[in-house]
Amino acid sequence: MPSEETKERISKVIEVGRTVLHYGWIPLIIYVGFTRSNPQPSLIKLISPLA
């Protein structure tokens, strides 16, 4: 049986992983779409809606 310390550690790793996934999902999708598109848009067109 895992000790209480191991259970706490696993719980903390899962909590941190969920937070990273929560805040990193949309930037990851934008990055992948930006790098895989053809032709690749300029960075200013990605950031500014008026460009």
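1. Helices (H or I, at least four residues) and strands (E, at least two) are DSSP runs, numbered from the N terminus. The model is predicted, so that local features need pLDDT of at least 70 and side-chain atom pairs count only at pLDDT 80 or more, whereas totals for chains, interfaces and linings use all residues. Residues are numbered from 1 along each chain as its sequence is written, and side-chain values use heavy atoms, with hydrogens and water left out.

2. The protein chain has two helices and zero strands. Its radius of gyration, taken over C-alpha atoms, is 19 Å, well over the 10 Å that the globule rule (2.2 Å times the number of residues to the power 0.38) gives for 51 residues, so the chain is more spread out than a compact globule. Along the principal axes, the C-alpha atoms of the chain fill a box of roughly 60 × 20 × 10 Å.

3. Of the 51 residues, 2% count as buried, where buried means under 20% relative accessible area, exposed over 50%, and partly exposed in between (1.4 Å probe, protein chains only). The accessible surface of the chain, from the Shrake-Rupley method with a 1.4 Å probe, comes to about 5000 Å², and 65% of this belongs to carbon and sulfur atoms.

4. Which residues form the nonpolar patch on the surface? They are Leu21, Trp25, Ile26, Leu28, Ile29, Ile30, Tyr31, Val32, Leu43, Leu46 and Ile47, with about 1100 Å² of accessible area together. The elements that give two or more residues to this patch are α1 (4-36) and α2 (43-47), and α1 gives the most, with eight residues. A patch is made of residues with over 30% relative accessible area and no salt bridge, in which nonpolar side chains (Val, Leu, Ile, Met, Phe, Trp, Tyr) are joined within 5 Å and like charges within 9 Å. Valine 32, placed in helix α1, counts as partly exposed because its relative accessibility is 36%.

5. Side chains of opposite charge can pair when their charged atoms come close. A search of the whole structure finds one salt bridge, meaning a side-chain nitrogen of Lys or Arg within 4 Å of a carboxyl oxygen of Asp or Glu. In this salt bridge the side chains of arginine 9 and glutamate 5 meet (3.2 Å, N to O), and both residues lie in helix α1, four residues apart, about one turn of the helix. Arginine 9 is exposed, with a relative accessible area of 56%, and glutamate 5 also counts as exposed, at 53%.
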